[in-house]
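This report describes one protein model, with attention to its pocket, its strand pairing and its aromatic contacts. The sequence and structure come first.

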Amino acid sequence: QVPLVESGGGSVQSGGSLKLSCKLPMTRTFTRYCMGWFRQAPGKEREAVAVTYTGPGTGTSYADSVMGRFTISDNNDVNTLYLQMNDLKPEETGIYYCARNGERYAKCDGLTSGPFNQWGQGTQVTVSS
């Protein structure tokens, strides 16, 4: 199991911003993997928020509900995946997870890319109205 460690969650008011981070140990290879952010609201199923293929020349995919407000990115120098979240809404409250498809060079062309079989422990995001 690859240790993915999320951070950056917290409590903000509606319209606020947060930036989540997901760090992989520097002893692990970071580039050329399909990685993504997922969230689970209370009482709801987990859903994909954004997916990217790490490394240069990558492509990204977003859920329609976050398009234009969230940005997924990565920094290979520090083995970290990010999710910048702007204009947050109360219904986006939940636990946000970082995940990775453990097969390097696997196809990564949308939110349903997978399987995402390596998961972090999650970080709580609370948006108040």
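In this predicted model, 14 residues line the largest pocket, and those nearest its centre are Arg 39, Ala 41, Lys 44, Glu 47 and Glu 91. The volume of the largest pocket is about 170 Å³. Its lining comprises eight charged, four polar and two nonpolar residues. Strands β4 and β9 (94-100) each contribute at least two residues to that lining.

Strand β4 (residues 34-40) runs antiparallel to β5, and six bridges join the two strands. Within this pairing, Phe 38 has Ala 48 of β5 as its bridge partner. The two strands make a hairpin with six residues between them. Gly 43, in the turn, has a positive phi of about 75°.

Strand β5 (residues 47-53) is mostly covered, with six of its seven residues buried. Strand β5 also pairs with strand β6 (residues 60-62), again in the antiparallel sense, over three bridges. There, Ser 61 in β6 stands opposite Val 51.

The aromatic side chains give a count of three aromatic pairs. Phe 38 is buried, at a relative accessible area of 7%, whereas Trp 119 is partly exposed, at 24%.

Trp 119 also pairs with Tyr 97: the ring centres are 6.3 Å apart and the planes stand at 80°, so this pair is edge-to-face. This second pair links distant parts of the chain, with Tyr 97 in strand β9 and Trp 119 in strand β10, 22 residues apart. Tyr 97 counts as buried because its relative accessibility is 15%, which is under the 20% cut-off. Phe 38, Tyr 97 and Trp 119 form one aromatic cluster together with Phe 116.

| Charged residue | Ring | Distance to ring centre |
|---|---|---|
| Lys 19 | Tyr 82 | 4.6 Å |
| Arg 100 | Tyr 33 | 3.7 Å |

For Arg 100, the charged end sits over the ring of Tyr 33. Lys 19 lies over the face of Tyr 82.

Technical notes: Residues are numbered from 1 along each chain as its sequence is written. This is a predicted model: local features need pLDDT of at least 70, side-chain atom pairs count only at pLDDT 80 or more; totals for chains, interfaces and linings use all residues. Side-chain values use heavy atoms; hydrogens and water are left out. Buried means under 20% relative accessible area, exposed over 50%, partly exposed in between (1.4 Å probe, protein chains only). Helices (H or I, at least four residues) and strands (E, at least two) are DSSP runs, numbered from the N terminus. Two strands pair if DSSP finds at least two bridges between them. On a 1 Å grid over the protein atoms alone, a cavity is a set of points where a 1.4 Å probe fits but cannot get out, and a pocket is an open set with protein on both sides within 12 Å along at least five of seven lines; lining residues have an atom within 4 Å of a point. Grid points are joined across faces, edges and corners, and a volume is the space filled by probe spheres set on the points. Ala, Val, Leu, Ile, Met, Phe, Trp, Tyr, Cys and Pro count as nonpolar, Asp, Glu, Lys and Arg as charged, and the others, Gly among them, as polar. Rings of Phe, Tyr and Trp (its six-membered ring) pair if their centres lie within 6.5 Å; planes under 30 degrees apart count as stacked, over 60 as edge-to-face and the rest as tilted. A charge sits over a ring if NZ of Lys or CZ of Arg is within 6 Å of the ring centre and within 35 degrees of the ring normal.
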